[in-house]
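The sequence and the model are shown first.

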Amino acid sequence: MTYWAEHAWTGGAVASGVVIETAGERIAAVRTGVAAPPPGAERLPGLTVPGLANAHSHAFHRALRGFVQRGSGTFWTWRETMYGVSARLDPGSYLELARAVYAEMALAGITCVGEFHYLHHAPGGRPYAEPNSMGEALIEAAARAGIRITLLDTCYLAAGFGTPPEQHQLRFSDGDAAAWAARAAELKERPHARIGAAVHSVRAVPADQIAPVAEWAAERQAPLHVHLSEQPAENEACLAAHGRTPTGLLAERGALGPRTSAVHATHLTGADLGLLGGSGTTVCLCPTTERDLADGIGPAADLARAGSPLTLGSDSHAVIDLFEEARAMELDERLRTRRRGHWSAAALLRAATLDGHASLGWPEAGRIEAGALADLATVALDSVRTAGPPPSLGAETAVFAATAADVRHVVVGGRTVVRDGVHLTAGDVPGALARAVDRLVTT
């Protein structure tokens, strides 16, 4: 297949008249300055960027959208509502919901998702006849939605430091890290799916169980993700239990490094910054969730200066919009420092594309060049949000003005998944979302 992009973000800049030739799932050649589409090429009007990588997702949280905006509370009260939804899911309903959620992601220009998956067993902790039924449902959902997935199979063993799982957490737990590893090892990669690991958090995985998870990932050269210091309460409890911060505990247990992504990292000490940056640990920021849950504004610029690559995720899916996440990283930092211009639009796009894919174990994605995966997203430059600036400012326009609603075309592996804002295989995505949510949430 050959595509002709009116404008494309390639090599860190906007080029015009870009021909993208594909062979199988890969880009075979890229040529710029081609004034008109070659015969048979598919036109991509607007700005084409590499497909976006959503580096942190909990697909079932999408069912909470709107419902959790009534009244007030904290992260901890929100969590109780989340547990209620998780208790109603089974492999069939999870497939239905996740397929619709991943189709929503495709419509938003997301071509790869990192699914932080801890909903393993039936309510009460009883394993399904097929122990990975829930994970397999997510892998199948991504296939049906036409996107890639890294299933970050998550070890979740405790309710808190020295506290066994509560009733609603039993379906998350395998009992210990060895049992988790045995189950996770049965998951098989597919062309659209890769398998990684996750430590849910230092409060949910006892200290002596962290290293086995990290070693499992290291043996497979797989991504390792972990929720880190999302709430001050986690830091305080970790200090009380272990005399060190969550970052310090992860470092001590060998869980930091270039294949690790720390999610949130909102409440850090100066020593934590040094440990994360010095080890090359990626930090995944989820600004729309962090502000929705009143978590706080993390030290993103300090992390980047310390040496941590930054990525982006929609996490609880208060919205699914990687452009919003990208600009929020900059705008939140402006609020924190009262100064503008911490990242260029190109740097923010890199977080949403190249670095996001690398953190999910897809280093061959996230760029428009020969040899890369042919994953593309095209943003309209003539909508009410994006009209006006010249194409040379397409990156700035996309990051600081566009929304997911401006995504017009999406290509995954050289195959068009979204054309003119319509998902080609998923049918009525809003209707599918409404039906899936209605079956899970009681008002």
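In this predicted model, strand E1 pairs with strand E4 (residues 42–50) in the parallel sense, over five bridges. Within this pairing, Ala5 lies opposite Leu44 in E4. E1 is also joined to strand E2 (residues 13–23), by eight bridges, and these two strands run antiparallel. Here Tyr3 stands opposite Ile20 in E2. E1 and E2 form a hairpin with two residues between the strands, where Gly11 takes a positive phi near 65 degrees.

E1 is mostly covered, with seven of its nine residues buried. His7 belongs to this strand, which spans residues 2–10. With a relative accessibility of 10%, His7 counts as buried because the cut-off is under 20%. Leaving out residues up to four places away in sequence, His7 touches Val14, Ala15, Ser16, Gly46, Leu47, Thr48, Leu381 and Pro391.

The strands E1, E2 and E4 belong to an open sheet of eight strands with mixed pairing, in the order E3-E2-E1-E4-E13-E14-E15-E16. Its edges are strand E3 (26–31) and strand E16 (422–423); each has a single partner strand, so one side of each is left without a neighbour in the sheet. The partner of E16 is strand E15 (residues 415–419), which runs antiparallel to E16 and is joined to it by two bridges. Val418 stands opposite His423 in E16.

| Helix pair | Angle | Axis separation | Crossing |
|---|---|---|---|
| H4 (residues 177–184) and H5 (residues 207–220) | about 20 degrees | 9 Å | right-handed |
| H11 (residues 322–337) and H12 (residues 345–352) | about 130 degrees | 10 Å | right-handed |

On the H4 side the contact is made by Ala177, Trp180, Ala181 and Ala184, and on the H5 side by Gln209, Pro212, Val213 and Trp216.

For H11 and H12 the angle is about 130 degrees, and these helices are therefore oblique to each other. Leu322, Ala326, Met329 and Glu330 in H11 meet Leu348, Ala351 and Ala352 in H12.

The largest nonpolar core holds 127 residues, of which Phe60, Leu97, Tyr102 and Met329 touch the most other members. The element that gives the most to this core is helix H2 (residues 91–107), with 10 residues. Apart from this core lies another, of 13 residues, among them Ala15, Val18, Leu44 and Val411. Of these, Ala15 is one of the residues touched by His7, and Leu44 is the residue of E4 that stands opposite Ala5.

Which residues is Leu97 in contact with, leaving aside its neighbours within four places in sequence? They are Ala59, Phe60, Ala63, Leu89, Ala436, Val437 and Leu440. One of them, Phe60, is itself among the core members that touch the most others.

Conventions:
Residues are numbered from 1 along each chain as its sequence is written. This is a predicted model: local features need pLDDT of at least 70, side-chain atom pairs count only at pLDDT 80 or more; totals for chains, interfaces and linings use all residues. Side-chain values use heavy atoms; hydrogens and water are left out. A nonpolar core is a set of buried Ala, Val, Leu, Ile, Met, Phe, Trp, Tyr and Cys residues joined through side-chain atoms within 4.5 Å. Buried means under 20% relative accessible area, exposed over 50%, partly exposed in between (1.4 Å probe, protein chains only). Helices (H or I, at least four residues) and strands (E, at least two) are DSSP runs, numbered from the N terminus. Contact means heavy atoms within 4.5 Å. Two strands pair if DSSP finds at least two bridges between them. Axes are lines fitted to C-alpha atoms, for helices over the stretch in contact, and angles run from 0 to 180 degrees between N-to-C directions. A crossing is left-handed if the near helix is turned anticlockwise from the far one by less than a right angle, and right-handed if clockwise. Angles under 35 degrees count as roughly parallel, over 145 as roughly antiparallel, 65 to 115 as roughly perpendicular and the rest as oblique.
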